[in-house]
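Hello,

Here is the structure for you to look over. My notes follow below it.

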Amino acid sequence: MIDNLLLGLSTAFTPTNLLWCFVGVVLGTVIGLLPGLGSSTGVAILIPLTLTVEPVTALIMLAGIYYGSQYGGTITSVLLSTPGEAASVVTTLDGYRMARQGRAGAALAIAAIGSFAAAILSLVLLAALAPPFAQFALRFGPPENLAVMVLALVTMVVLSTGSKLRAAAMACAGVLLACVGIDAGTGEARYTFGSIELLSGIPYIEVVIGLFAVGEVLYQIRVGAATPIRARFRDLVIRRRDIRDSAGAIGRGSAIGFLLGTLPGAGSTLASFLAYGLEKRVSRNAAQFGHGAIQGVAAPESANNAAANANFIPTLTLGIPGGATTAVLLGALTVYGVQPGPLLFEEQPELVWGLLVSFFIGNVILLVLNLPLAPLFAQLLRIPYAYLYPLILFTSFVGAYAIDNNVFSVWLVLIFGVIGYGMKRFELPMAPLVVGVVIGALFEKALVQSSALLDGNLWLVLTKPIAVVTLALAVVLLAGPALARRARVFLRRAAPEQSEEESHV
């Protein structure tokens with residue numbers, strides 16, 4: 001282990017690799033700032049620029065773009081309620097509220113600190129536990145993945161604020177939206193209404209940009225432009241109390257992110273949603289979530305970054321992408337003539353350990369760059385909203401167009417912007433809808449594969465131990481609050497009767 005780390009240090013700390021690592025994280029931050037691009041698109045676009053350098057140098061740069069874009073997306077999520085990609089959606093729920101309360105700097109700072117802590121923790125685990133975690137991930141087949149998707153949907157419904165019935169309806173609506181396109185079982189088109197653009201489904205990036213960015217602008221125009229934030233500089237700096245309050249959220253978010261990141265296909269989006277839901281569940285200030293709770297920023301940002309790093313476990317050890325961006329990186333490995341798999345650690349240790357050590361270096365660079373600049377970024381909120389709203393709309397539509405160079409994406413953003421406005425107007429929860437859209441396709445794929453694997457008898461899912469434990473947890477989350485309320489009522493009723501009996505005695 002020590003020898004491998006020393007080999008990685010000698011590889012990553014060359015001037016060339018340090019330079020490309022710096023370039024990667026800076027480019028990643030800029031890419032994350034642009035709605036619609038995201039890390040996978042940014043990595044794909046810049047692969048041709050790396051074909052003239054050594055494979056390890058190219059991978060160090062591309063990986064820097066990957067985790068650099070995670071923080072770039074956080075900046076726009078907090079300041080403009082415009083998530084750069086789906087994994088940043090949860091951050092808007094409390095991060096944007098903190099910004100409107102004059103605490104944008106604190107939100108950005110805790111995001112940077114949480115991301116850095118999660119990165120260091122996950123990278124230590126990645127270096128130490130990659131082979132055993134890869135073996136455990138191999139045990140997750142379609143039935144286990146199906147159970148994880150069910151747990152994700154139940155979690156978002158149970159932990160949503162307001163009516164659980166509305167939350168369930170929004171989650172179902174999201175899954176139905178994900179059904180648009182090609183049927184995973186039959187290969188036939190459905191709900192496309194003759195549109196060629198809808199054959200590939202409704203992309204969640206357009207949905208997210210429309211709901212959160214355009215919907216927010218339309219709603220603010222209706223209620224009247226708010227007064228630009230005029231917080232003092234010292235109000236934008238994170239306090240020790242904020243760090244103390246967020247420590248537990250960072251630890252729990254990092255653990256959830258790392259565990260889910262090791263599962264092929266789970267990705268960082270699901271990890272950020274589940275981390276937010278768990279934190280809301282265990283927090284003593286659950287009522288503050290959705291209204292500017294700093295733990296609501298720390299938990300999903302930590303999970304997001306930890307999952308991004310853990311995605312490399314199945315990618316490097318099994319040759320199976322952990323998410324969309326690692327799928328692009330997997331293709332890059334093939335272009336460079338590198339064959340990922342169980343033998344990669346033995347055959348090319350210099351490449352593997354040099355890449356892993358570069359993660360440490362890149363995250364230190366991100367922390368050093370972004371932590372002092374958090375108050376500076378927050379000053380963007382001083383811009384009058386008459387100028388800021390057109391800027392948000394412009395970047396949203398340009399970002400949507402840049403995804404596929406297609407005007408249809410712009411129309412989708414506009415349509416979902418109107419839907420987002422209506423949801424805000426009638427206080428319908430957005431998080432369950434987004435989760436349904438994001439994991440709907442994965443849910444259907446796992447359902448079809450499980451049905452084929454089990455000869456159409458889905459009850460056999462209950463013969464899989466991991467699936468049973470996961471589904472049992474979903475049942476506990478669903479029925480637990482109602483059972484707890486009934487237990488409290490029963491105990492309150494029993495207490496007076498017992499006191500009356502004691503008085504008679």
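**Aromatic pairs**

Phe289 is buried, at 1% relative accessible area. Please keep in mind that this is a predicted model. Tyr276 is buried too, with a relative accessible area of 8%; the cut-off for buried is under 20%.

How many aromatic pairs does a search of the whole structure find? There are 2. One joins Tyr67 and Phe359. Their ring centres lie 5.7 Å apart, with 80° between the planes, and the pair is edge-to-face. Tyr67 sits in helix H4, residues 55-80, and Phe359 in helix H16, residues 349-378. Tyr67 counts as buried, at 1% relative accessibility. Phe359 is buried as well, at 0%.

Tyr276 and Phe289 also pair. Their centres are 5.5 Å apart and their planes meet at 70°, so this pair is edge-to-face. Planes over 60 degrees apart count as such. Tyr276 belongs to helix H11, residues 267-282. Phe289 is in the loop between H11 and helix H12 (295-310). The two residues are 13 apart, and the pair links distant parts of the chain.

**Nonpolar patch**

On the surface there is a nonpolar patch. Its residues are Leu218, Ile221, Tyr401, Val407, Trp411, Leu414, Ile415, Val418 and Ile419. Together they have about 810 Å² of accessible area. Which helix gives the most? H18 does, with 6 residues. Leu218 is found in H9. Leu218 is partly exposed, at 31% relative accessible area; residues in a patch must have over 30%.

**Helix H18**

H18 has a buried set as well: Ser409, Leu412, Val413, Phe416, Gly417, Gly420, Gly422 and Met423. The helix has 19 residues, so at 1.5 Å a residue it should span 27 Å. Its end C-alpha atoms are 27 Å apart, which agrees.

Both ends deserve a look. At the start of H18, a side-chain oxygen of Asn406 comes to within 2.9 Å of the backbone nitrogen of Phe408. After H18 comes Glu427, with a positive phi near 60°.

Best wishes

Methods:
Residues are numbered from 1 along each chain as its sequence is written. Side-chain values use heavy atoms; hydrogens and water are left out. Patches are made of residues with over 30% relative accessible area and no salt bridge: like charges are joined within 9 Å, nonpolar side chains (Val, Leu, Ile, Met, Phe, Trp, Tyr) within 5 Å. Accessible areas come from the Shrake-Rupley method with a 1.4 Å probe; for residues, only the protein chains shown count as cover. A salt bridge is a side-chain nitrogen of Lys or Arg within 4 Å of a carboxyl oxygen of Asp or Glu. Helices (H or I, at least four residues) and strands (E, at least two) are DSSP runs, numbered from the N terminus. Buried means under 20% relative accessible area, exposed over 50%, partly exposed in between (1.4 Å probe, protein chains only). The expected span of a helix is 1.5 Å times one less than its number of residues. A polar contact is a pair of N or O atoms within 3.5 Å; within protein, one must be able to donate a hydrogen and the other to accept it, and residues adjacent in sequence count only if both atoms are side-chain atoms. Rings of Phe, Tyr and Trp (its six-membered ring) pair if their centres lie within 6.5 Å; planes under 30 degrees apart count as stacked, over 60 as edge-to-face and the rest as tilted.
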